[in-house]
Amino acid sequence: MTDDKDVLRDVWFGRIPTCFTLYQDEITEREAEPYYLLLPRVSYLTLVTDKVKKHFQKVMRQEDISEIWFEYEGTPLKWHYPIGLLFDLLASSSALPWNITVHFKSFPEKDLLHCPSKDVIEAHFMSCMKEADALKHKSQVINEMQKKDHKQLWMGLQNDRFDQFWAINRKLMEYPAEENGFRYIPFRIYQTTTERPFIQKLFRPVAADGQLHTLGDLLKEVCPSAIAPEDGEKKNQVMIHGIEPMLETPLQWLSEHLSYPDNFLHISIIPQPTD
Amino acid sequence: MRSPSPACPLGALWLAGGSSARWSCAVVLAMMKKHGVPDPRALGALCSPPILETSKRDLLGRVCWPRRGSACLGPSRKAWVQGRLCVPGPQRWNPMGGFCEKLLLSDRWSWSDVSGLQHRPLDGVALPSPHWEWESDWYVDENFGGEPTEKGVGELSTHRGCPGLGVPWAHLAPCAAVPNTSWCLTSACCDGMGIGIFRLAHSLLFSFLPTFPSSSNSFPLEPHRAPTLVFQGWTYAIDFPATYTRDKKWNSCVRRRKWIRYRRYKSRDTWAKIPSKDDPKQLPDPFNDLSVGGWEITEEPSGRLSVWAVSVQGRVWYREDVSHSNPEGSSWSLVDTPGEVVQISCGPHDLLWATLWEGQALVREGIGRNSPTGSCWSIVEPPGPENGIMHVSVGVGVVWAVTKDRKVWFRRGVNSHNPCGTSWIEMVGEMTMVNVGLNDQVWGIGCEDRAVYFRQGVTPSELSGKTWKAIMAARECDRSHSGSSSSLLSAGCFFGDEVKGSGESAPSDTDATSEVERPGPGQHLPVESLDNSRNLKESLASGPVASRTAEGVIENACPTEGGPGLASTPAVLPWTNIDLKEPKKVPSHSAAGFPETTGLSSMGLLPLGLEEPYGAEDHPLWAWVSGGGCAVEACYVPKWFAAQSGLSPSVQTLSLSIMPAQTAAWRKQILQQLTERTKRELENFRHYEQAVEQSVWVKTGTLQWWCDWKPHKWVDVRVALEQFTGHDGARDSILFIYYVVHGEKKYIHVFLNDVTVLVPLLSEGKHSFALYTPERTRQRWPVRLAAATEQDMNDWLALLSLSCCESRKVHGRPSPQAIWSVTCKGDIFVSEPSPDLEAQEHPLPCDQMFWRQMGGHLRVVEANSQGVVWGLGYDHTAWVYTGGYGGGCFQGLASSTSNIYTQSDVKSVYIYENQRWNPVTGYTSRGLPTDRYMWSDATGLQECTKASTKPPSLQWTWVSDWSVDFSVPGGTDQEGWQYASDFPASYHGYKTMKDFVRRRCWARKCKLVTSGPWLEVAPIALRDVSIIPESPGTDRNGSSIALWAVSDKGDVLCRLGVSALNPAGSSWLHVGTDQPFTSVSIGACYQVWAVARDGSAFYRGSVSPSRPAGDCWYHIPSPPKQRLKQVSVGQTSVYALDENGNLWCRQGITPSYPQGSSWEHVSNNVCSVSVGPLDQVWVIADKVQGSRSLSRGTVCHRTGVQPHEPSGQGWDYGIGGGWDHISVRANATRAPRSSSREQEPSAPKEALGPACC
């Protein structure tokens, strides 16, 4: 019998095979070979691409190098979104490996945040965590943690150490026995078709009548366009971590098991592939 | 009808009768919970719309009695009582016709009871009441004092009147042990339909047929040489009355034999009318109040109950002989009172209070083991002269009273020595009545609102509690299984020596372990465990029960017809579901609905079509409450008690929390998609480089270490756990222990993939654990580390454990083949067997087995290779494995999300009071200077006073006070003393001239609450369990898995409906025996062997899938001068263990003669044995010497076991130091290389099948 712990493991160890290619207009001293890497779905691009940077810098002159950024089919990739989300949202219907173009010039200021160091990623990650716990436990759990626990969460993510991370993170996934779930579910819903970066609202895991809310309930409430009418054709995929959970899945369970390390459920709504 | 008296936790619910047609009231029957999580249904309550703003006297006056008042015995859980009557037939020998039924004139009746004084013809033996029925016809008992009489194995008596013997080789305890006047329990079981439980009781009545020896017969004097005689169950003596022997001797002039007939109590789940006490010639005097208690009177025979009644004329009656086996009792006896009594209350121990019409209280003094009715009354004045006491209720050590002005009073200073207490304390609140339930918890009916109130904050230290709290209807059912502290179970047995405990032999002091714990003798285990172990699950599982309970309520709410109506209505209550089943969708809810919640759930979900007496908004007016069947733990008050009315109950939540998420479609789909995703995104890209290189991670801390050098002591150490990932992705870790010796810094290190087991060693003071490697297992010297706090220890233990599992890639649920073991602390370990563990050549040394811990606390675990795992707690509760892992201190990643439940266990701690006699003062607690401590452990070496003795570890809490243990081996006098000439010696239960010292044993119960992947299998408490091992490649064709068990009463039971999907099975089938059994084991070919309390073995014939209970027992004599205590059957091998630690292998077993021919001694020094489906033999050895120290309780593997040499050659020593039990019966895996060779021996084994099946 598989256990829910296996879900956590599968989620954590999700990897996207990626082919990094240097942008054609970048000036190089010699030809830049593409670089192949397995990217952890739950991590952040700038956190795991030191090797890529090093690889391409070898063939470039120092003066041509400024801040690295990534682009896929013309879309600059936001490093502060988890990798798995970026892939699901932008590239899930295309063939693997995921072809990412690497840029060292013309930083798209209006699309991307600067990422001068890992501290920035850490700050972003921890602020997400705190926001999520504010929703879940009125910040009580994260505030009761010690500094070293926060560090352990971050180090767990940075070093891809599942048990190190979850030794602490499990506390964030607990809720009082007398409740049936978190106060609110931390989630964000992303659509490529809208200008709005994402939808985020207050949503409880349990309805007033005691029924557990499901993924379907959430979408009906906050993003009704995402789900097909009862008789209509399915137009969208609702994707988390590269899978499409059934709309009947309880939201609380999803939040406990399919949240990204930042404790948010990042849900992608993408058009149903036509083929 | 006026008052249902407290339902008591033994399951009998009594009801004072005398019903009035013009007075309607409803009875809510109490369902009892063993597990401290009461359901509102567990509250017996009386709800009456039109009641009583009147004084008590008015109330009495309003009752009119259309019929004679009578008492009813309520639908007790112990539905069946099986009794057995035995009528021995005596004969006298005369020179002409040999033995004949013509007796001398002076002789006794030819059919008589055991004394011979009373005529008992077979057809004249009547059932005691209509509530009993015969189960079988008369047959002759063919055993005498545990030995078969005069004949070879298995031949049936053909004497008249005993055709078709169901149990021809049943074993009987010596007749003298069962006097004809008393009833004694022999067994309990459940019928095949899973409808209920019935238990055996027998009253042995003997009759005698005299005979004279005929000269033509020569009678061999030695018992074993009587093959020519036809066995007919006769025992012989020189004349009546005399000592009977099995052998006919030259001077045997009379003979007798015993006839047995089973009867059972059939009035289950119904109200049984108790025959009236009234003399028909006198005016009827119906009952007015009734109280049941006395089930915990110190060391009384288990199952005994005190039933007290008060009649309208104010007289007090005591019902004689009420016990589990005879819930009706036998007769009413009048107890004189100094005044007119109106109400009575009897506590579980020795408290009995009654109220007088004049307003004083009466207190019964002198209630005890030898005098359940007490000796005299004392009068206690009411708190004020103007307001007399109207109602009183007592518990273990508390008395609550309500005076006529509705004020509630608590009596200060009540205890066993002073049952009257010292003074009254007024409590806040006004009540019409109060009732003290289990654990001295208090219930009341509010004066104003007529709501049911529960006294919050009642704890052993604060018996008066804090506040009254109105009880809400059930919102949800708490799943915690905290056991009831009312359970009288004593500690489990270290090495399964129940037989020893209950036997005659008195082990010397040195036999006892150094622990203060001592094996609890089976006999004094209370019967209640059988009944009250019906736990929450069942009630949860039985949604219909809830609604039908409510149905019963509503029906009863209509004016009832009186006694008969009462008798019939509750019969619809389905007390039948004793099984673990998937819960129904309908949540159980209270019949005690309150307006705040009724609108939300309770009433709204009642089945349609019911006539509801109240609208949803109606407020039911309660008149009576009885919490006697409702065990509430002081510290674990169920949530629903305090449920806020604003929070709505969630049906969905309830079903979700019970139904594992595993079964939901959405979950399966997620798992499936994740697997597909991994395949899609990784399969073709494994050669890609990982973005993040694995790095080293270190956890450090400060612990204490039991240093390796002498003198051994705890030294402070720094500890670092370094984890790293190898190139293959596998993790490994090293544990460094840095210490300082002679100012020099040093360290030792342990590779965690080398660690074989981590054992928590909780003791009073230290939170420590031991870490074993193969090397340290051989040395018998683990690395012992201690943490400052329990939390710290648990963190380390969980982390190290996880690291060990990671490095060995062991996680999740153990495989079905797993080997299970239990330590003497009750910790559960499981090991994945490698295929070469049972290899013929070069088997894996068993010190290299890796054990990981499972949450929970058990004494015994048994498994089979289909994943069915059962465990037995120290309190004999049966548990079934849920498929989860973790629990206990393993939280988070080391634990499964679901399938982990609260588990509790209760055991006793024993200390000894020692005294020496001196000529001046007699026995005093002042010994010689050289004497042992006057309060000590069993060895006398450790001082253990009542005050200083603590529970075994911080996880345990006391749940009872110290009480004298009368059931120690060797017997005691009335005060529990055992005498001897000097310490240490063998003790006896009576004083002689030569005795200068005496001791007595005090026991105190303690309780552990933990969690683990276990669910209780209610309601029968078990002593032993065995699941059929599956030989490789067997196909059971979907038939259920055979599971046999021995109840804590010694009944042999067979579980029906056990399968891999439903490991708990569905119901018990009782297998008749003539004496209590202690051990049972079923082999792969359905060979069932068992050990009886007298130490002999039995083989059960004709057990097969179609006939799960077999047909008859074949007696197998024990090895000479040894009493067996355990048996284990593999595929063909049969091993047995005696009380002296000798291991025996049965020889001469063939397909045609599965009983075998003789016992071959294999080894001594054995505590417990487990034979597996490959006929592999594993034991727990008593003492094993290592290079560094000695360990007691070591896992050992028999080497050299071959089909032609089933007893093997030697021992391979594995993990040890406090191991108590092992089950290898699930491991049917063997390395393929040798398994081909194993096919040959399995061929004749298959041939055994037809012979046995």
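I'll start with confidence. The model scores ipTM 0.92 and pTM 0.52. In chain B, the average pLDDT is 68, and 60% of the residues score at least 70. There are stretches of chain B to treat with care. Over residues 473-617 the pLDDT is below 50, although this stretch has 414 contacts in the model beyond near neighbours in sequence. Residues 642-660 of chain B also have a pLDDT below 50, and that stretch has 39 contacts beyond near neighbours in sequence. Where pLDDT is low, the predicted coordinates should not be read in detail.

Next, chain B as a whole. How many helices and strands make up its secondary structure? Chain B has twelve helices and 72 strands. Of its 1253 residues, 57% count as buried. Take the contacts in chain B with a separation of 6 or more: 67% of them are between residues 24 or more positions apart.

Now the cores. The largest nonpolar core has 130 residues, and B:Trp1044 and B:Ala1090 are the ones with the most contacts inside it. Helix H11 of chain B, residues 790-807, gives the most to this core, with eight residues. Another core, of 76 residues, lies apart from it; A:Leu47, A:Ala226, A:Trp253 and A:Leu265 are among its members. Back to B:Trp1044. Leaving out residues up to four places away in sequence, B:Trp1044 touches B:Ser1026, B:Val1052, B:Leu1053, B:Cys1054, B:Val1080, B:Ile1082 and B:Val1088.

On to helices, in chain A. Helix H9 covers residues 215-222, and its buried residues are A:Leu215, A:Leu218 and A:Leu219. Seen down the axis of H9(A), these buried residues fall within an arc of 95 degrees, so they line one face of the helix. What do the buried residues of H9(A) pack against? Their partners in chain A are strand S6 (187-191), strand S7 (236-239) and helix H10 (251-257).

Helix H10 of chain A comes up again with helix H1 of chain A. H1(A) spans residues 4-12, and A:Lys5, A:Val7, A:Leu8, A:Asp10, A:Val11 and A:Trp12 are buried in it. The cover over the buried residues of H1(A) includes helix H8 (162-172) and H10 of chain A, and also helix H9 (665-682) of chain B.

Now strands, all in chain B. One open sheet has four strands in the order S22-S23-S24-S25, with antiparallel pairing. Strand S22 (341-346) and strand S25 (376-380) stand at the edges with a single partner strand each, so one side of each is left without a neighbour in the sheet. From one strand to the next, the twist averages 25 degrees. Within this sheet, strand S24 of chain B, residues 361-365, is joined to S25(B) by five bridges, and the two run antiparallel. One of the pairings is between B:Val363 and its bridge partner B:Ser378 in S25(B).

S45(B), residues 860-863, and S46(B), residues 869-872, pair in the antiparallel sense over four bridges. B:Val860 has B:Leu872 in S46(B) as its bridge partner. Between the strands of this hairpin there are five residues, and B:Gly867 takes a positive phi near 85 degrees. In a regular strand the side chains alternate between the two faces of the sheet. In S45(B), B:Val860 and B:Glu862 point one way, B:Val861 and B:Ala863 point the other way, and all are buried.

Is B:Thr702 buried or exposed? B:Thr702 is exposed, because 12 other C-beta atoms lie within 10 Å, and the cut-off for exposed is 12 or fewer. B:Thr702 lies in strand S35, residues 697-706. Not counting residues up to four places away in sequence, B:Thr702 touches B:Asp716 and B:Arg718. B:Thr702 and B:Ile737 are 35 residues apart in sequence, and their C-alpha atoms are 9.4 Å apart in space.

The other residue is B:Leu941, in the loop between strand S50 (935-936) and strand S51 (956-958) of chain B. B:Leu941 counts as partly exposed because it has 13 C-beta neighbours inside 10 Å.

Key:
Residues numbered from 1 in each chain as written. Chains lettered and ligands numbered in written order. Predicted model: local features only at pLDDT ≥ 70, side-chain atom pairs only at ≥ 80, totals over all residues. Core = buried A, V, L, I, M, F, W, Y, C linked by C-beta atoms within 7 Å. Buried ≥ 20, exposed ≤ 12 C-beta atoms within 10 Å, placed from the backbone. Contact = placed C-beta atoms within 7 Å. Arc of directions from axis to C-beta. Pairing = 2+ DSSP bridges. Axes fitted to C-alpha atoms, helices over the stretch in contact; angles between N-to-C directions. pLDDT = per-residue confidence, 0-100.
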